[in-house]
Amino acid sequence: MAEKKVDVLIIGSGHTGGLAAKILTEKGISCTMLDAGPMLDFDKYRELKPVHELPYRGFDAPGRLPHVFQSSEFNANQWVDEKVVPYYHPPEQPYNWVRVRSVGGRSPFWGRQSFRHSDYEFKSKDHDGFGENWPISAKDLAEYYPRVEELFRVTGHKDGLPQYPDGNFIEDNSPWSGAMQRFVDAGKKLGVPVTKPRSALGKDGLAASLNLMLPDAVATGKLTTIPNAIVRQITADKNTGLADGVVFVDRHSHREMVMKARVVIVAAGTLETTRLLMSSEICNSSGALGHYLTDQIYGAGIICSVPEARDGKAPRGLMGGGALIPRFRNLETKTNGFLRGYAVNVSCSNGPFDARALPFYGKELEQKLESYNGSGFSTNIMGETLGHYENHVTLNKQVVDAWGMPTLNINTKYTTNETNMSKDYIDTMAAMAEAAGFDILVKNYEFNPPGYSIHEQGTARMSDDAKKGVVNKWNQSHDMKNLFITDASVFVSAGWQNPTITMCALAMRASEYLAEEMRKGNI
Amino acid sequence: MEAMARFHTPNIPVSLPDTVAVTDASYFTPVRYATLLRLCEIFMPAGDDYPSATKAGASQFLDFYIGASPDEQQTMYNNGLDRVNADCMKQFNIPFAKADAKQVDAVIRPHLKGWMNDHPPREAHVRFINLVHRDIRTATINSPAWATAAEAVGERTPGVGLYWHPIDPGIQTWVNHGVAQATHTPKQKHS
């Protein structure tokens with residue numbers, strides 16, 4: 001068969017790969033998209049089942065997916081099995097690398113919280129001296145955020161807070177429940193803003209590349225999608241030094257295939273992108289590739305009971321709803337003990353109370369549960385972690401995955417910055433809950449290991465300086481001008497925000513820049 | 001061939017093995033198993049309409065499940081069951097399996113703590129008591145016997161969730177490479 005050179009090759013079909021495909025094909029540019037996993041068939045692979053019919057009564061197979069705390073026996077098959085694609089971390093530095101391999105990537109499974117970054121993130125070094133600024137500001141994304149929000153159908157309320165930029169929302173004007181209003185009022189006294197959540201509604205119950213982006217690209221007739229294509233290497237033209245294609249392996253047969261391309265977009269997901277660049281021995285003239293890995297701490301929280309809601313006595317409107325507390329520390333004043341800040345997810349539940357929060361057993365526990373059901377109030381942290389140079393990944397050529405690709409060593413750990421942040425968070429939430437009249441049953445200062453949030457960022461960060469970063473402000477490789485990276489590996493700092501909306505705004509901007517450069521003949 | 005392609009599976013009702021068979025406990029020593037059985041009795045007695053942990057086969061299930069689990073989980077269970085029995089012997093000079101409700105309460109209650117998802121208490125024995133409590137509750141509430149009881153009193157089938165089947169597993173991957181090893185970190189070990 002004659003060798004064909006495709007115009008733009010996109011590696012990965014998650015949110016940013018999907019968005020690149022949509023933007024480029026709508027501008028008339030042919031794209032070929034490779035994904036390492038199979039095509040999802042929601043009718044074939046999912047069904048409603050009662051837990052008692054599962055082999056392990058909901059516990060899942062013993063020892064399976066030890067790093068995926070989100071796994072249950074219901075969803076275990078959607079995650080990547082680390083026996084097939086292993087990675088290593090030092091025993092004293094756990095890392096939860098949570099991955100999905102199927103067309104659409106992790107996009108069918110994300111939490112949908114939809115936030116913009118502000119210049120507190122983009123210009124963080126100017127603000128507190130740590131790390132580096134991004135080479136862009138919020139102004140550079142002002143044109144793109146509203147379009148991304150429209151695509152995702154983001155619902156939210158405009159709050160006018162500089163650290164929590166408003167957006168193009170489907171307005172949420174719903175009233176607070178009574179308990180939530182008490183928490184809002186308690187926050188006001190302590191200078192803590194409690195706001196409405198912001199979330200992607202998507203379409204038909206899904207906010208994935210599969211339904212929001214790829215169908216538009218398919219409709220242009222210019223997208224070729226190839227599942228089960230595991231890219232082993234990005235190849236370079238020896239004469240020009242530019243990327244000229246990939247070598248990939250068929251997931252089923254392990255047949256190796258060579259493909260040529262004029263432009264390569266890497267959107268494999270932060271650490272998979274970096275693993276591929278390292279395996280290909282490209283894009284690292286800066287020495288920054290693999291470094292500055294960061295994410296957010298999750299898992300610390302409080303569990304409360306609203307006394308007036310116990311014993312089924314909650315008046316209508318007392319309970320229910322959620323809230324989001326955007327970062328409020330280290331904005332205009334400085335907090336001792338940590339840099340940056342945290343956001344908080346707040347939940348007020350009408351449903352069953354979590355038995356683990358109640359230190360009773362037997363009939364006494366059942367009586368307590370009957371009383372406490374419908375009275376639950378809880379919080380969970382999303383705290384920015386610091387991207388130290390030492391938080392890094394390296395390639396392990398001695399251990400390969402099931403397709404012969406070198407694996408990753410992940411070396412990262414949290415510091416007192418995160419510990420102190422968590423303490424401030426719990427103490428502040430407890431003070432608010434007490435002021436609101438709630439009974440605090442559990443205060444948990446402990447947070448989950450790095451990686452748990454599934455918000456891994458950095459390791460191929462952007463910078464105007466080719467000696468400090470892997471890509472420039474257009475997500476374009478400093479070393480290969482026809483290679484772009486659109487996922488969160490380009491992030492310079494984590495922020496407290498769920499990164500998806502910013503990833504997509506950057507991917508949209510990069511794709512439009514690429515299309516224009518191709519039109520001009522510069523790429 | 002075409003006729004075969006058109007063939008549809010006839011409706012043949014199937015049953016769960018638990019409706020006709022039991023699992024013989026074989027992992028824990030007799031003393032440890034007796035301790036676990038007593039924990040099942042006291043942590044989750046029968047309700048008005050629902051079966052006890054014992055009736056739901058929670059102890060047999062956990063014997064199987066822990067027996068198939070990684071070393072760290074097995075060690076936690078073995079040490080924890082030993083400690084429960086030793087505490088009872090020390091306080092009352094009687095095995096935990098034969099302790100009355102008051103004696104059981106004196107051994108167990110000081111170690112019960114409220115905790116939240118993914119973060120059981122850190123002290124080893126407190127951690128065990130709270131995790132075995134959770135496991136017994138889960139093995140009971142998610143049992144076929146519990147579902148049968150719910151249906152008998154007109155409740156909806158409990159614990160219905162969206163189950164993902166294996167998604168097009170790679171043929172060569174599983175045949176030739178499924179045993180590739182990763183470094184495991186136990187689920188409850190944290191930063």
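Two strands are taken to pair if DSSP finds at least two bridges between them. The model described here is a predicted one.

| Strand pair | Bridges | Sense |
|---|---|---|
| S17(A) and S18(A) | six bridges | antiparallel |
| S3(A) and S1(B) | five bridges | antiparallel |

**An open sheet with a helix on it**

Elsewhere in chain A, three strands in the order S4-S18-S17 make up an open sheet with mixed pairing. S4 and strand S17 (392–400) of chain A are its edge strands, each of which pairs on one side only. S17(A) is joined to strand S18 (residues 406–411) of chain A by six bridges in the antiparallel sense, and one of the residues involved is Val393(A), whose bridge partner in S18(A) is Ile410(A). Helix H9 (residues 270–280) of chain A packs on this sheet, where it touches S17 and S18 of chain A, and its direction makes about 65° with that of S17(A).

**The nonpolar cores**

Which residues touch the most other members of the largest nonpolar core? In this core of 148 residues they are Ile10(A), Ile11(A), Ala21(A), Val264(A) and Ile265(A). Helix H12 (residues 500–520) of chain A gives the largest share of the core, nine residues. Ile11(A), leaving out residues up to four places away in sequence, touches several others, including Leu34(A), Val231(A), Val246(A) and Val264(A). Another core, of 37 residues, lies apart from the largest one and has Phe28(B), Leu37(B), Ile42(B) and Phe61(B) among its members.

Val264(A) itself lies in strand S11 (residues 256–266) of chain A, and it counts as buried because 26 other C-beta atoms lie within 10 Å. Beyond its neighbours within four places in sequence, Val264(A) is in contact with residues that include Leu9(A), Ile234(A), Ala243(A) and Leu483(A).

Thr502(A), found in helix H12 of chain A, is also classed as buried, since it has 25 C-beta neighbours inside 10 Å. Apart from neighbours within four places in sequence, its contacts are Arg116(A), His117(A) and Gln497(A). A separation of 12 Å lies between the C-alpha atoms of Thr502(A) and Arg147(A), although these residues are 355 residues apart along the chain.

Chain B has eight helices and one strand, arranged along the sequence in the pattern α-α-α-α-α-α-α-β-α. Of its 191 residues, 32% are buried.

Helix H2 (residues 30–43) of chain B packs against helix H6 (residues 124–141) of chain B at an angle of about 70°, and their axes are 10 Å apart. Because of that angle, H2(B) is roughly perpendicular to H6(B). Leu39(B), Cys40(B) and Phe43(B) make the contact on the side of H2(B), and Val132(B), His133(B), Ile136(B) and Arg137(B) on that of H6(B).

Between the two chains, 60 residues of chain A are in contact with 58 residues of chain B. S3(A) contributes five residues, the largest share of the side of chain A that touches chain B, and that side divides into 30 nonpolar, 17 polar and 13 charged residues. Five bridges also join S3(A) to strand S1 (residues 160–164) of chain B in an antiparallel arrangement, in which Arg46(A) has Trp164(B) as its bridge partner in S1(B).

Note on methods. Residues are numbered from 1 along each chain as its sequence is written. Chains are lettered from A and ligands numbered from 1 in the order in which they are written. This is a predicted model: local features need pLDDT of at least 70, side-chain atom pairs count only at pLDDT 80 or more; totals for chains, interfaces and linings use all residues. Two residues are in contact if their C-beta atoms, placed from the backbone, lie within 7 Å. Helices (H or I, at least four residues) and strands (E, at least two) are DSSP runs, numbered from the N terminus. Ala, Val, Leu, Ile, Met, Phe, Trp, Tyr, Cys and Pro count as nonpolar, Asp, Glu, Lys and Arg as charged, and the others, Gly among them, as polar. A residue is buried if 20 or more other C-beta atoms lie within 10 Å of its own, exposed if 12 or fewer, and partly exposed in between; C-beta atoms are placed from the backbone. Axes are lines fitted to C-alpha atoms, for helices over the stretch in contact, and angles run from 0 to 180 degrees between N-to-C directions. A nonpolar core is a set of buried Ala, Val, Leu, Ile, Met, Phe, Trp, Tyr and Cys residues joined through C-beta atoms within 7 Å. Angles under 35 degrees count as roughly parallel, over 145 as roughly antiparallel, 65 to 115 as roughly perpendicular and the rest as oblique.
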